[in-house]
Amino acid sequence: MSIQTLERILSEHPFFKDLKEEYLELIVGCARNVFYKPGDFIFREGEEAHEFYIIRDGRVSLEISVPGKNPVVIQTLEDGEVLGWSWIVPPYYWHFDARVVEPTRVIALDGRCLRNKCEEDHSLGYELLKRFVSIVEQRLQATRIQLLDLYGAG
Amino acid sequence: MVQVEREIITKEANPMLPQLFVIRSRKLETSDTFTLELEPIESEVEFSFLPGQFNMIYVFGVGEVPISISGDPLKKNRITHTTRMVGTVTKAMGMLKRGDVLGIRGPFGTSWPVDRCENCDVVIVAGGIGLAPLRPAIYYILANRERYNRVILLYGARTPEDILYKQEIEKWKSRFDFEVYVTVDRGTSGWKGNVGVVTTLIPRAPFESRNSVAFVCGPEVMMRFTAIELIKRGVKEDNIFISMERNMKCGIGLCGHCQFGPVFICKDGPVFSYNQVKDLLFKREI
Amino acid sequence: MSKIKFYRLAPEDLNKIFEYFKIRGYNIIGPTVRDNAIIYDEIQSVNDLPVGLTDEQKPGYYRLKKRNDTALFGYVVGPQSWKKFLFPPILTLWEAKKSNGKFEIFEPNFAERKFVFVGVRACEISAILIHDKVFGGGQYTDPNYLKIRKNVFTIAVNCSEPGENCFCSSVGTGPRALTGYDLVLTEVISKGEHYLIAKAGTESGEEVLESLKFNEATDEEVKKSEDIMSDALGKFKKGVELDGVVELLQLNYENPLWEKISEKCLACANCTMVCPTCFCNTIEDVTDLSGENAKRIRRWDSCFTLEFSYIHGGSVRYSTMSRYRQWMTHKLSAWKNQFGMIGCVGCGRCITWCPVGIDIVENVKLFKKDAIKV
């Protein structure tokens with residue numbers, strides 16, 4: 001996959017909207033294209049978190065494994081969604097498994113590299129944190145609503 | 001095609017008197033939800049309704065409950081009701097069989113404004129049993145498909161076992177002119193589809209916000225959060241419609257029970273535009 | 001256009017009116033004393049009226065006292081209202097019987113009763129007119145109410161002395177009865193004289209007065225009755241400007257003032273029972289032990305009960321505050337959205353019969369004061 005295509009995909013993605021040209025370039029420099037088959041794990045709970053992903057297409061299931069039971073699916077993510085915020089929050093490890101359900105193409109971004117750049121340039125850090133806080137907020141809100149068990153017998 | 005008629009008035013001189021209907025079929029949809037198809041006992045009785053309206057259903061000697069009509073508004077004299085067994089009356093209803101008789105009063109209430117716009121996108125968001133009152137609107141829209149642009153259904157159920165109308169949903173999914181997205185709050189093994197609350201489907205749903213009409217039905221909390229997501233997407237507040245619920249006893253605006261602020265859910269609703277009720281929706285104990 | 005005629009009736013002349021209606025199959029309903037209160041029930045003659053009695057009313061307080069005259073209508077309103085007859089507390093709507101695997105519903109034959117309501121106050125006329133709108137003016141109507149209503153002959157009485165809790169003048173419903181009656185009476189009583197000035201409000205009223213050949217009143221007698229009514233206007237102890245209260249209450253659902261004013265409320269529902277316009281009711285389906293026979297009954301209900309707003313395993317209005325707020329906001333505000341006028345007629349019953357003396361007028365004043373502060 002050419003750099004030009006990666007650049008196009010990333011610059012058009014709503015997540016990177018309004019990001020300064022030079023920061024986008026930086027991010028493109030840290031990006032690579034990855035393909036997963038159903039059943040693959042993109043990452044496992046407890047592993048170190050050094051990447052994040054933009055799902056181009058496919059479906060990824062966020063799961064927590066429970067001994068003696070089937071793993072609990074917290075949420076599934078699909079086309080265009082951002083996967084993984086643990087890379088930007090110390091101590092940088094994954095809180096759940098990300099298992100691929102359907103053939104999935106992602107753009108993987110090198111978190112370690114980006115983290116260093118964020119320490120050097122706080123402005124870049126702020127731009128990324130802003131965006132990730134928004135992701136975390138969405139996930140939190142969705143989880144809270146799930147907790148309400150709205151369709152339960154009441 | 002069939003034009004939507006103006007509000008249908010129950011012909012009864014005494015609106016508290018039920019008409020007798022016989023159960024023609026019964027189907028168990030999930031462990032606690034069933035669908036009944038009813039037919040009037042007397043052939044002269046003509047029953048027609050608008051999508052979104054409800055009936056007051058009477059089980060002999062037990063009581064009466066308001067249940068949305070969930071069948072095809074273009075099929076006269078077949079009334080379908082999908083009901084969840086939650087209380088005395090609905091549990092008694094759940095034990096009835098083909099050939100048993102029920103009392104029906106209705107149809108009452110306001111309807112989904114299916115004729116509100118030409119060439120607009122229609123986004124239908126259903127939560128749990130909320131799919132039942134929306135199904136008549138879906139039937140109507142599909143029967144008049146050329147009038148609309150994109151038609152999208154976002155449906156959230158608790159678990160894959162709680163999905164209603166499973167076979168029908170498969171049929172809908174196979175249509176090229178109807179985009180159906182189903183999600184569950186809790187996945188179970190074998191479920192390969194979406195997991196997450198139905199509101200998570202909204203940001204990416206393929207509709208043109210400025211030219212969209214949304215019909216939302218489900219638990220009140222779900223409708224609140226859904227409306228917020230739709231508005232975030234740019235859908236206009238007076239183009240979002242929800243179906244409210246409150247305790248009902250008479251169904252005709254005379255007993256006072258179903259009041260929600262100044263409106264009676266049974267006659268000013270149950271379908272309201274989000275605009276109409278948004279102020280009260282976020283206040284407690286109204 | 002014929003001139004309005006005023007007639008002079010001696011107190012006993014009312015018996016003639018009662019007889020006129022009795023032979024035509026009417027039940028005469030009027031104020032009478034029972035259990036130390038003036039309630040509405042069937043009366044036979046003037047003697048059954050609370051002659052020479054008056055009612056002392058304050059928030060949470062009601063006592064009958066002897067007057068120093070023999071006035072027939074020297075009191076205001078008690079714990080009952082005319083809704084007792086037009087909108088009965090318990091009514092069987094229909095009966096059903098199981099047969100051949102299905103069941104049959106028997107349409108009720110609501111009793112054909114004809115009533116004369118004697119001593120209806122101006123506020124009560126307004127309350128009846130409000131119920132006419134509620135039960136008869138919507139898409140769906142109450143056939144029982146309409147049936148009884150069309151056979152009611154109304155004999156109104158103008159109040160000469162407002163009660164301490166009365167505020168009909170603030171609502172614009174009294175103290176003078178302007179419409180909605182077949183006959184209206186104004187009692188004139190002083191040392192040496194006691195008569196009633198009667199005026200017809202409808203053709204049937206006129207017919208009764210003519211056929212019973214009552215004498216026309218003199219101009220002086222009519223003037224005396226007019227003076228009584230204009231004096232009454234100055235005797236109110238309670239009043240509040242209700243302009244803007246409809247908007248005010250619907251803008252203040254979340255005002256902490258609600259907690260404060262409903263602090264003492266016991267949710268006893270007295271106010272809704274005595275209020276002449278409260279119409280909330282519940283429908284009950286009952287069956288006999290055999291399970292073969294069923295009935296549907298309509299009963300008075302109150303928004304103050306916990307079950308009133310029950311849905312999906314809980315009550316929407318769980319706190320007493322939310323129920324008090326519902327009642328007061330409905331009565332003074334939402335009612336206007338629903339029926340075109342507010343639901344309160346200023347009779348003061350809710351103030352008198354509240355066991356802890358919650359005063360709806362004082363509560364309105366608190367909200368108005370609070371609104372100015374903001």
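Is A:Ala108 buried or exposed? With a relative accessibility of 1%, A:Ala108 counts as buried, because the cut-off for that label is under 20%. Keep in mind that this is a predicted model. Below is a quick tour of that residue, then a sheet in chain B, a helix pair in chain C, and the interface of chains C and B.

**A:Ala108 and its surroundings**

- You'll find A:Ala108 in strand E6 of chain A, which covers residues 97-110.
- Leaving aside residues up to four places away in sequence, A:Ala108 touches A:Cys30, A:Ala31, A:Arg32 and A:Val34, along with A:Glu51, A:Phe52 and A:Tyr53.
- Take A:Arg32 from that set: 76 residues separate A:Arg32 from A:Ala108 in sequence, yet their C-alpha atoms are 5.4 Å apart.

**The sheet in chain B**

- Chain B has an open sheet of seven strands with mixed pairing, and the order reads E10-E9-E8-E7-E11-E12-E15.
- Strand E10 (194-195) and strand E15 (271-273) of chain B are the edge strands; each has a single partner strand, so one side of each has no neighbour in the sheet.
- At the E15(B) end, the pairing with strand E12 (residues 240-243) of chain B is antiparallel and runs over three bridges.

**A helix pair in chain C**

- Helix H1 (residues 13-22) and helix H6 (residues 203-211) of chain C have axes that come within 11 Å and cross at roughly 115°.
- That crossing of H1(C) and H6(C) is right-handed.
- On the H1(C) side, the contact is made by C:Ile17, C:Tyr20 and C:Phe21; on the H6(C) side, by C:Glu207, C:Val208 and C:Ser211.
- Sorted by type, the residues of this contact are four nonpolar, one polar and one charged.

**Where chain C meets chain B**

- The contact involves 53 residues of chain C and 43 residues of chain B.
- Between them, chain C and chain B bury about 3900 Å², with 59% of that on carbon and sulfur atoms.
- C:Phe103, C:Tyr140 and C:Tyr253 supply 19% of the area that chain C buries against chain B, more than any other three residues.

Key
Residues are numbered from 1 along each chain as its sequence is written. Chains are lettered from A and ligands numbered from 1 in the order in which they are written. This is a predicted model: local features need pLDDT of at least 70, side-chain atom pairs count only at pLDDT 80 or more; totals for chains, interfaces and linings use all residues. Side-chain values use heavy atoms; hydrogens and water are left out. Two strands pair if DSSP finds at least two bridges between them. Helices (H or I, at least four residues) and strands (E, at least two) are DSSP runs, numbered from the N terminus. Axes are lines fitted to C-alpha atoms, for helices over the stretch in contact, and angles run from 0 to 180 degrees between N-to-C directions. A crossing is left-handed if the near helix is turned anticlockwise from the far one by less than a right angle, and right-handed if clockwise. Contact means heavy atoms within 4.5 Å. Ala, Val, Leu, Ile, Met, Phe, Trp, Tyr, Cys and Pro count as nonpolar, Asp, Glu, Lys and Arg as charged, and the others, Gly among them, as polar. Buried means under 20% relative accessible area, exposed over 50%, partly exposed in between (1.4 Å probe, protein chains only). Buried area is the accessible area (1.4 Å probe) that two parts lose on being put together, summed over both.
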